[in-house]
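Hi,

Here is the structure I promised to pass on.

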Amino acid sequence: MTEVRLHIYDVTNSGSDKTNSTIVQINKIFKDGIGLGGIFHSAVQVYGEEEWSFGFCEQGSGVFSCPSGKNPMYTYRESMVLGRTNFSKFKVNQILQELSREWPGSSYDLLSKNCNHFCDEFCERLGVQKLPGWVNRFANAGDAAIEIAENTALRLRQAKTEIVSASKVAYRFLVGVTSSSSGGNDSPGNSNRGSPRFQAAWFKNIITTGAKPSSSSEIETQGGSGFQNHRLQNSAQTMQQNFQDSQRSP
């Protein structure tokens, strides 16, 4: 059995002294002050004086090693023991070879596949505990935020598609119903006034004229009133004619 040690650095490779100083201050506040986390680089040491980590490169494996605690790209912070592995040095070398093939440098992603993710997987294969949550919390939070945003955008697109589809179905239904009703020969007094065809025609008239058509009772009442008025008018004319004829008689 041998000890597995994690080395942690402040990420100070931005190329700007001001930015690097800001990152160090952020790490002090969020990690040392409230224990939340920060922006860190990590590496794993097992068997020997080398530490192993992962970074970006255009070609080849992103897995690399350097003397423990002496990575020149970052500012060393602290180390901790994660446990002891039962694997031999030969077996550990086999694991590193496998990881080297599985972690090409071009696959590096700051939020979803960085050095801390690599150390997590390396420790898991060694049979020791993973990194403390605060080491990679900011990257995990950013990755989760991106995933939530992507899922939200997908749901919005799906909802938009469903709304458009429902609108098309409703439009086709209305067009089909109004078209079928316009071809009918039903009279206004037909007993099928409550049928879908009559209702569709009524709905169509509302759209086209803005008024509800007269019901059959109204039509019949209007027809009856006209006929009665015509009879009264004829009777008055007959009485007037008879009166005029009587005046002409000796």
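**Aromatic rings and their neighbours**

Let's start with one tyrosine: Tyr-9 has a relative accessibility of 0%, so it counts as buried. Please keep in mind that this is a predicted model.

How many aromatic pairs are there? The count comes to 8. Take Tyr-9 and Tyr-76: their ring centres are 5.2 Å apart and the planes sit at 85°, and because an angle over 60 degrees counts as edge-to-face, that is what this pair is. It also ties together distant parts of the chain, since Tyr-9 belongs to strand 1 (residues 2-10) and Tyr-76 to strand 5 (residues 75-85), 67 residues apart.

Another pair to look up is Phe-54 with Tyr-108. Here the centres are 5.8 Å apart with the planes at 35°, so the pair is tilted. This one links distant parts of the chain too: Phe-54 is in strand 3 (residues 50-54), while Tyr-108 is in the loop between helix 2 (89-102) and helix 3 (115-126), 54 residues apart. Phe-54 is buried at 2% relative accessibility, whereas Tyr-108 is partly exposed at 27%.

Both of those residues belong to a cluster: ring pairs join Phe-54 and Tyr-108 with Trp-103, Phe-118 and Phe-122. Trp-103 also has a charge over its ring, as the charged end of Lys-113 sits 4.8 Å from the ring centre. Elsewhere, Lys-31 lies over the face of Trp-134, 4.4 Å from the centre of that ring.

Cheers

Definitions and conventions
Residues are numbered from 1 along each chain as its sequence is written. This is a predicted model: local features need pLDDT of at least 70, side-chain atom pairs count only at pLDDT 80 or more; totals for chains, interfaces and linings use all residues. Side-chain values use heavy atoms; hydrogens and water are left out. Rings of Phe, Tyr and Trp (its six-membered ring) pair if their centres lie within 6.5 Å; planes under 30 degrees apart count as stacked, over 60 as edge-to-face and the rest as tilted. Helices (H or I, at least four residues) and strands (E, at least two) are DSSP runs, numbered from the N terminus. Buried means under 20% relative accessible area, exposed over 50%, partly exposed in between (1.4 Å probe, protein chains only). A charge sits over a ring if NZ of Lys or CZ of Arg is within 6 Å of the ring centre and within 35 degrees of the ring normal.
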